[in-house]
Amino acid sequence: MDGTEGNADLPAERSHRSSVSSVGARGADVLVYLADDSVVPLAVENLPSLSAHELHRAIREVLQLPDSALEAFALWLVSPLLEVQLKPKHQPYKLGRQWPELLLRFTDAPDDDVATDEPSLQFRRNVFFPKRRELQIHDEDVLRLLYEEAKGNVLAARYPCDLEDCEALGALVCRVQLGPYQPGQPTACALREKLDSFLPAHLCKRGHRLFAALRGRAAKAGTDEQGLLNAYRKVKEVVSSDSEQEASLRTHYRAYLLKCHELPFYGCAFFHGEVDKPTQGFLHRGGRKPVTVAINLEGVHVIDHREKHVLLGLRFQELSWDHTSPEEEESVLWLEFDGHNEGTPVNRLLKVYSKQAELMSSLIEYCIELNQSAEPAAPQESLTGPAGGPGSSPPPTQRPQLRRQSSVVCSRIQHLSTIDYVEEGEQIKRVKPKRTTSFFGRQLSMGQGSYTVVQPSESLEQS
């Protein structure tokens, strides 16, 4: 894979950015964008035949990044319509020329948008880079790039977070941008002026604070600023052996990343799709809901981007999957998992309608292969051992917030329309109990908590 990683909502200013600024008789200036929107210009020869691996090496040399950046980052072609992580052997220039074909194959974009869309070349986190390896990085420049990308995903609400987590993350951004907290500086009013630099936009809107106040979650206007200020006040400063405050921001970059590691979808690739809504009302009207599908080395999450919460989260051990191609019928990613129907255990099936179903299925399969071939995760001594140095953060504790029923990262199965069925001959019939075998053979059957087929009772009552 490493191929197309799916659509994503991107800031408007990233639209139609070209990564080839000028072309001469023998060379070209290639613009590579970093997560903080800064640009790395590269003067290269023979651009059409240049591989992603060669460009990757050139970027690392310009930025003077250590060897750890080789696997931590990858080159991506990104536009408002599609995101593609490149394999080392890919030739970015040729893929850019084929961009309209990729859009027609993997998106539902109108022809006018396809004709005008142009990708930019971006240096971003490698979706196949494990979190445990990220914890072993201590170079400040690499940590800053990872921090900037994670911060961008949090602020854009691509990573749904609870309010208290947004405030904790925003407080670390305050520390990075404003320096150590000083009593009385800044004030809540000062933070309010640039609140969207620290918190996701949907938490900064006046309507959100009014709605929160009406629900009793805020005693007065500006609670968001005050909560952020309180969290900023609690950011701990690391003191070095010479009793002077550590000038490096490495500690706070790592603290931000460690907080993001608690999000089950951190480091994922994003895809766009639709799911069926549950039928409602007297006329049983349904329809479809647009969703974002986030896939990383740990599992699959279906996210309601509009409501900023998770609809379904599954580890690879908890699912079976497959996809149907457009030649057979509408392109669909099928996710099968355990559930309950009226208190009775069932096997559930969710249909994700997307022209990127093939890409999602391939990514799931490849992530499982990587997990099975990877070495057992070593103890995270890098967090507290000598390698971490005086600026290392304490090991993360088990996150109780994610287990709260109201957390935005908890599954909301009631908002999905799923199918409960049993295989009988060639027909799939809806049943109240379950089926004897999994409909899909593609699944990870190793380890505790694996997906298990629910055995039916001797007499099945069909509904």
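Me: Before we get to helix pairs, how are the axes defined here, and how do the angles run?

Reply: Axes are lines fitted to C-alpha atoms, for helices over the stretch in contact. The angles are taken between N-to-C directions and run from 0 to 180 degrees.

Me: OK, this is a predicted model. At what angle do α7 and α13 pack, and is α7 parallel or oblique to α13?

Reply: Helix α7 spans residues 140–155 and α13 spans residues 250–261, with their axes 9 Å apart. They pack at an angle of about 45°. Roughly parallel would need an angle under 35 degrees, so α7 counts as oblique to α13.

Me: How many residues of that α7 and α13 contact are nonpolar?

Reply: Leu143, Leu146 and Val154 are among those on the α7 side, meeting residues of α13 including Tyr253, Leu257 and Cys260. The contact also has 5 charged residues and no polar ones.

Me: Glu225 pairs with Arg192. Is Glu225 buried or exposed?

Reply: The salt bridge has its closest N and O atoms 3.0 Å apart, and it links helix α12 to helix α9, 33 residues apart. Arg192 is partly exposed at 39%. Buried means under 20% relative accessible area, and Glu225 has 0%, so Glu225 is buried.

Notes. Residues are numbered from 1 along each chain as its sequence is written. This is a predicted model: local features need pLDDT of at least 70, side-chain atom pairs count only at pLDDT 80 or more; totals for chains, interfaces and linings use all residues. Side-chain values use heavy atoms; hydrogens and water are left out. Helices (H or I, at least four residues) and strands (E, at least two) are DSSP runs, numbered from the N terminus. Angles under 35 degrees count as roughly parallel, over 145 as roughly antiparallel, 65 to 115 as roughly perpendicular and the rest as oblique. Contact means heavy atoms within 4.5 Å. Ala, Val, Leu, Ile, Met, Phe, Trp, Tyr, Cys and Pro count as nonpolar, Asp, Glu, Lys and Arg as charged, and the others, Gly among them, as polar. A salt bridge is a side-chain nitrogen of Lys or Arg within 4 Å of a carboxyl oxygen of Asp or Glu. Buried means under 20% relative accessible area, exposed over 50%, partly exposed in between (1.4 Å probe, protein chains only).
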